[in-house]
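The following account is intended for a reader who meets this structure for the first time. Please keep the sequence and the model in view while reading.

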Amino acid sequence: MCVWLNELSQKFDLESVRYSHLRSKIEGQKYQSHSYNMSQDTRVDKVIAESVASDSNIVNQNSIVESKAKKERRKRSVAWDHFTSAVDSEGIKKGVCNYCKKEYLADTKEHEECRKALCRMIILDELPFRFVEKEGFKQFMKVVQPLFRIPSRTTVTRDCFDLFDEEKNKMRSIFKETQQRVCITTDTWTSVQRINYMCITAHWIDKNWTLHKRVINFCPISSHRGEDLAKGIVKCLHEWGLHRIFTVTVDNASSNSVCVAELSKQLTKWGTNLLGGKHLHVRCMAHIINLVVQDGIKEANISIERIRQAVRYIRQSPARWKNFQECCVDENLAKKSLCLDVPTRWNSTYLMLNRAIEYEGAILAYADRDIGLAHHLEFGHICVCDGDSDIVDEEQPVGSLLCSDWDSIKRIAKFLELFFKLTLKVSGSLYITSNIHFLEICQVGFCLSKLISSDDIVLAQMATNMKKKFEKYWGDPTKMNKMLFIPCVLDPRHKFTTLSFALKKMFGDNGATIEKDVREYMKSLFNEYSSSASKDKCGKLSSEVEASSSSYMVDIGDFYEELSRHTSGSGAGNSKSELDKYLAEDTEVGTSDFNVLLWWKYNSARFPFLSEMARYILAIPISSVASECAFSTGGRVLDSFRSSLTSKLVEALVCLQDWLRSESQPISIEEDLDSLEQLEQDLAKVGKEPSIDDI
């Protein structure tokens, strides 16, 4: 009993000490605080006084104090001791100074915008999420905005997903509102994770006649089989609500033919497959050009291989490279990097030859200084295919670099320049390319025919081999998609006047028959489109009338249907259709700054149905480069250091970068290297070391 009384006495003494300490602390702060703290003291005194009453009152009063304290602790900054929160008439949160009554913005949305901007920077610049936790970035933010609370990498990852959902919903609402047909390109890629990814890019022209390109899918697929590819595309289209597909542009893999055939069946089930999908499959022109040129380069393999081996030898050693730069100075040439090609990519071979020709004098001067180059070429070997077979001769030596080799590669480079510029031209995604599709094909066929009869044996043999591959894809007009010809007709500078001439040049007497087939197909396409468009407009009109009319006006819809058939271009027997009127007009004068989309925008009122059809046809991409470019982004996102990213996160990063990127042209690494080398030379002249600020 005594022990219990002693423990109770000790507890009472401890509580008395705590009460005295609390009391003294409150009294000490009383003279340093404002009225706000005085009210706090009064409330604390009240709580202490009432705590003596009963144990039940203690519980109730403590809960009241805690709830009120939580509300007041929302404003954690000491600045709120001198400001009062207020909301203006526009709903913007502000802080009013207690002394001068001046208003200041006090909204937390600024912090949210900073987090979104940080998220965009990480996506656009392809930075790792750990970047926000690095010491350098933290020190930078302390200088730029010390009050910004840097989020963790987990929070940034969540912000990226939120931004992806936000932007995706915006695009989905646009597709839902417009209900227009969309052209797509697709391609596949295998990542460092050994996962097969499929990219789908949508192309369309909006009602303001602006061309758009968006990556709408970047997801893994089970295999490269055509059926699996089709299932992946259908799933993506259904998710986006895109059931009205006009064309699908793919490369020449056999699985893609199966894929497009399966996709055509699905579009037929949806009831959106125009003319049974005859024009749905569009072959990538850039891929065909690559196959054509690869067959031609085989004939000049020896001269090209000698240049390749010489460039590889110079680039292998820093000492050799320094010696080569000294040769460039002696020859009064700018010190640029020599390009080494990838043999399977002919455009890189063209760039290598072009740069080697530019530095011919320096390479010859280096060969005189370094005898090792001659030995490297003499004892090296080249892989040469025997004609059209796959037999490879591994024992043939490369041989010395002769003057005849330089003459040969100069002619070859000049010849390849035509295809290099053509590839760049047809690979664009920021401007329409379908209107030049067939005309560029004619240009290639015309040049090959001329070179076959050339006195230059090497170029003649190259052109002969290339012509065989050319005829495989573009030699039989009956197997060619009619969408190769129709966009040319919808260019007001050309119409059938230009197309007739081009068909005759390319196919001879069969050109007239092909032109007739194109006219019939274009008329069928216009009639089907105009009839479906008339039904849509008539349905909207009749629904509006029914909604605003009483029950005794039920039969008025028949009158409007007849009126629509009477006034439409295809319904009036004695009047010309819009297509006939358009073709009957004179062609426009072709100037360098002529804008096809702008012309259709100004003339859409005269050709309402035809202009809608032109919007879909002119949006057709003639290459799948737009989808292939996404794989370059995917390769950087999924590098060897970030191979653990989930497929969903990879899709969000790749798609968001495409949606947010504002640069109209991709970054050229070669141009950047040249500019950096030129910068170093300029700084060396003034005796200054290059710094980050200069770059």
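The loop between α4 (109–124) and α5 contains E126. In this predicted model, the phi of E126 is near 55°, a positive value in a residue that is not glycine. E126 counts as buried because its relative accessibility is 19%, and the cut-off for buried is under 20%.

K101 also has a positive phi, near 60°, and is likewise a residue other than glycine. It belongs to the loop between β2 (93–97) and β3 (103–105). With a relative accessible area of 56%, K101 is exposed.

Helix α5, which covers residues 135–144, includes V143. V143 is counted as exposed because its relative accessibility is 71%. Together with F140 and V144, V143 makes a nonpolar surface patch of about 330 Å².

Which strands pair with β5? Strand β4 (residues 182–190) runs antiparallel to β5 and is joined to it by eight bridges; T190 has N196 of β5 as its bridge partner. Strand β6 (residues 211–220) pairs with β5 over nine bridges, also in the antiparallel sense, and R214 in β6 is the bridge partner of A202. The hairpin of β5 and β6 has five residues between the strands, and W209 takes a positive phi near 60° there.

Methods
Residues numbered from 1 in each chain as written. Predicted model: local features only at pLDDT ≥ 70, side-chain atom pairs only at ≥ 80, totals over all residues. Heavy atoms only, no water. Patch = residues over 30% accessible without salt bridge, like charges linked within 9 Å, V, L, I, M, F, W, Y side chains within 5 Å. Areas by Shrake-Rupley, 256 points an atom, 1.4 Å probe, with all protein chains shown as cover. Salt bridge = Lys/Arg side-chain N within 4 Å of Asp/Glu carboxyl O. Helix = DSSP H or I, 4+ residues; strand = E, 2+ residues; numbered from the N terminus. Buried < 20%, exposed > 50% of the residue type's maximum accessible area, 1.4 Å probe, protein only. Pairing = 2+ DSSP bridges.
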